[in-house]
Amino acid sequence: MFGSLFEEEGEGYSLAPSGGRVVKGEGEPPPPRGRVNLSGIKNQGGTCYLNSLLQTLLFTPEFREELFSLGPKELGCLEDKDKPEAKVRVIPLELQRLFARLLLVDQQSASTTDLTDSFGWNNSEESRQHDVQELNRILFSALEHSLVDTSGSAFIQRLYHGTTVNSILCKECGNISQRQEDFLDLTVCVRGVCGLEGALWDMFVEEEMFEGSNLYRCGQCDQLVTAAKSAKLRKLPPFLTVSLLRFNFDFARCERYKETGRYTFPLTINLRPFCEQTEDDDSEYSYELFSVIIHKGGCYGGHYHVYIKDMDHLGLWEPPEEDTKPKVQKKKEVRAYTEPEKDDPLSVLSSIIAQEESRSVLLDQLGQRLMDKIGSSWSKKYRKLHGPIGKFLQNHSDVFVLVNNGTRVALKANPPSPVTQPSSPAHTTPGSSSTPDPTEPKTAPEPQGSHWFDLNDSTVTSIHERDVEKMYQGKESAYMLFYRKTLLRRPSGALRNPGYQVPPHLLEMAEEENRRLQQRREEFEASNNSVELRLHLAPRYRLENGALKPISIEQKEATNLIFDRCRTVGDLRMIIYQKQDLWEGDMALTVARSLPAGLHLYNTLTDDEVSLYSAGILTGTDLFVWNGREVCGATVQTGAEWEPVLLTVVRPSLGEEEEGEGGGVREALGEPQESLLCQEKRGGEGGGASGWRVFPPGDMQRTLKELALKDGDALLVLEPQTQDSSVFSVSGDMVTVTTPSDCRWLLVEYRPERRRRGGGEEEEERMRAKVPASGNMLLCEVKQRAIAELQLQEHLAVYRLLHLYLAQTTTSPPTVFIYLAPLHPIISISTLHILPLQINYSSVTVSLLPLLISSAIVKVLLPLLISSAIVKVLSLLPLLIAAAIVKVLSLLPLLISSAIVKVLSLLPLLIAAAIVKVLSLLPLLIAAAIVKVLLPPLISSAIVKVLLPLLISSAIVKVLLLLPLLISSAIVKVLLLLPLLISSAIVKVLLLLLIQPVLLW
């Protein structure tokens, strides 16, 4: 269950390395301790139960000091744990180091990875939650096993070991039978009991009777008799651990459940009524509560944290947050965050983080805060729809941001302040004391003896002693109680001295870690506080239409400067002075921003004593360096109310021979008086029309800010000669612009090849004709009508292709030109004249830029061209497919019959050749068999001489017989393949003949 927690090799020492874990690279340094000056413990995923138990042991001073009393001579050194001959007791050594870090290292939380590695735990053990009561017994057993043969082998027994005695009294003879039992913790019942004292009364005062059918066999009477059974505490330990049986099993429902009813426990308790020996003074039986491990959740999961009383006053107790806030403010805050939408996890998590004073929440505590907020866990409420909480935060990176090396989550719109928290008092060395700073604000006096803290993984907060009583009942209730004898007094040297009884080598280790942390924090702060600024120098800019624009395009607009934002504005000014040797006069630094119209200036940094961070200067901020009054002799207006706006002003001109001049500014704004100034309005007429709203005369005296005009808005200036055109129709305060898709006829122009005159000028003869058309007419129909109107039938042999172009016209209704031209005409496309306008919110300064709108006409003709091509392809495709099928079907019988005739004619020849080949080879095979049998006896050369000519003649005959067959076989193969090759060639030719018309068309 807990891995190999106490399975160490040898006599209480380890020979194996505890590794296997990959250490992540160093990033952001851990934050320092908070105001309470106590360190928490990081949660490795499911180790909150371990963290709660370790904090309890740490704040048990006698346990801590017994552990620190064991030196390297007895425990060994962790540096030697990988050596085969070394005897290193890893678990107590790692526990010593962890306690030293928790006491002395200035960090918000310490890590337990080295300790859990010494346990032999893997990642699955660290992410799986276990029962803290069982862990307490196993950890004590592992420590006792590790400390065998050392001076500390019995210190756990001295601190936690107690005994009970069970007695059975025979009612017949009075004989008492006793059995003694040892315990490290007392397990008490919760079900059916109102509190701890009642449970102890049932255990150690009430007698259980053996009577009726349940009799006891007395060893002295040797018979079944009536008897009384009772139990008493014989030996009381200095520290009493009480485990509450909150988890039970319901046999009716066959399921586990948690007892959440009220179960009280006193802050101080006297155990005299429950003890066997009662002659001692009351102080020997008096205990005080100093630790409560709390479980929140159900029987199948939950979260552990611990309330601890700081006996040595190591922490700085201060009133909890709710005590320091005024009641009125508290009510307002409750009202502000009363009921977020519980079905919306985004609003719930945002409200949780927003209510935190630090404006951030530890990532491993976010689920707990969510349960406190809505009474349900993330897995039960949101996981099915939104996935794991970590993935949800990543998917909403526009709302949440991870800080402190990914350990905390904050709102992106309201990040935590990088200003460090008020530094906690430095750790005092043995024999020294800390003096309070008179400049710090005074807090409420700490009640005497009420040093209670809530240690919840990485978070440590102050609580009141009365808060312990809130853990009597509910889903969040006490699970383990730790009492100490009131006789145990702490020496004065241990108070407010975290280094008390810490070995020197651990003090050195803590000092070295503090130096490294301080160095890392300084380096990280320096790198994190560096901002990159963009400096814009005034001599490189000019004022144009209310906006600053670069004088030269080739010249670099801005100069980048990396600067520490913790330094002041005055320091930045001096650095810029040093870099600009030729600068004369005053220097003003003004925050600027690049807008569509140009660069605009906002607020000027006037206080040289303010840091860049306090002034709101971030990475990427643009700063304009100037004298604070003018740029190139022109006065510059600063502030958001003077932001320039870039507008697009359309001024159409339907005159074909009119030059494309922009016109004056006042003319574009509506002069002469007959001109109309319109603003584009959505939701105009259907089809190809768009609507524009005419500005009433009263609006001519209003600013653009009052008219709510912004960057990118379009204006239309309609001159008197265009108002009667069918392109623009005026109805009341609305102007409808009709696009070419609604035109009723087209103007077709014919341009032949251009000829050169003697002087080099071009001579071009044009022919024009009107062609009736509509928006849904095919382009091929327009082509036929144009050829008929222009009488160009005789030119079709020369000009096979039609080239279509767009142009402007002075006629009404709107027209589009279609040019019939040779293969390579060069025709320019004219467009409507368009004037973009740039206007300042507080003035009527405008600037005009060119804009083309010919794409609208192109969009009209493009569907016509595409539809005509598709119709032609679809009309010719069936004919081409049918012709190809007819040709293939006509040739197929001929090819098949030719192949059959050739095969039938060659078949007798092939059969005869095979028979001849077999008959010719038969004598040879017989002769070869005879020779093989007679060859051994025939040794004389005479016989060999006789047979050799026969063998040679047989080989010659065989060759002569096979030669005609091979020749005939080659001829047959050629004759068979020839028709196939010819037919393949014919098919290819036919396919080319079929495809060629399509390609040519």
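## Terms to start with

Two residues are in contact when they have heavy atoms within 4.5 Å of each other. Helices (H or I, at least four residues) and strands (E, at least two) are DSSP runs, numbered from the N terminus.

What you see is a predicted model, in which local features need pLDDT of at least 70 and side-chain atom pairs count only at pLDDT 80 or more, while totals for chains, interfaces and linings use all residues. Residues are numbered from 1 along each chain as its sequence is written, and side-chain values use heavy atoms, with hydrogens and water left out.

## The whole chain

Let's begin with the big picture. The protein chain has 23 helices and 42 strands. Of its 1001 residues, 39% are buried, that is, under 20% relative accessible area with a 1.4 Å probe, protein chains only.

Among contacts between residues at least 6 apart in sequence, 70% join residues at least 24 apart. The accessible surface of the chain is about 55,500 Å², as given by the Shrake-Rupley method with a 1.4 Å probe. Carbon and sulfur atoms account for 57% of that surface.

## Helices H4 and H17

Now find helix H4 (residues 90-104) and helix H17 (residues 504-528), whose axes lie 10 Å apart at an angle of about 55 degrees. Axes are lines fitted to C-alpha atoms over the stretch in contact, and angles run from 0 to 180 degrees between N-to-C directions.

On the H4 side, Gln96, Arg97, Ala100, Arg101 and Leu104 meet Leu506, Leu507, Met509, Ala510, Glu513 and Asn514 of H17. By class, this contact has 6 nonpolar, 2 polar and 3 charged residues. Here Ala, Val, Leu, Ile, Met, Phe, Trp, Tyr, Cys and Pro count as nonpolar, Asp, Glu, Lys and Arg as charged, and the others, Gly among them, as polar.

## Helices H1 and H7

Helix H1 (residues 48-58) packs with helix H7 (residues 132-146) at about 55 degrees, their axes 10 Å apart. Tyr49, Leu50, Leu53 and Leu57 of H1 touch Val132, Leu135, Asn136, Leu139 and Phe140 of H7. This contact has 8 nonpolar residues, 1 polar and no charged ones.

## Helix H12

How many residues of helix H12 (residues 345-354) are buried? The count is 7 of 10, so H12 is mostly covered. The buried residues are Pro345, Val348, Leu349, Ser350, Ser351, Ile352 and Ile353.

Conventions:
Buried means under 20% relative accessible area, exposed over 50%, partly exposed in between (1.4 Å probe, protein chains only).
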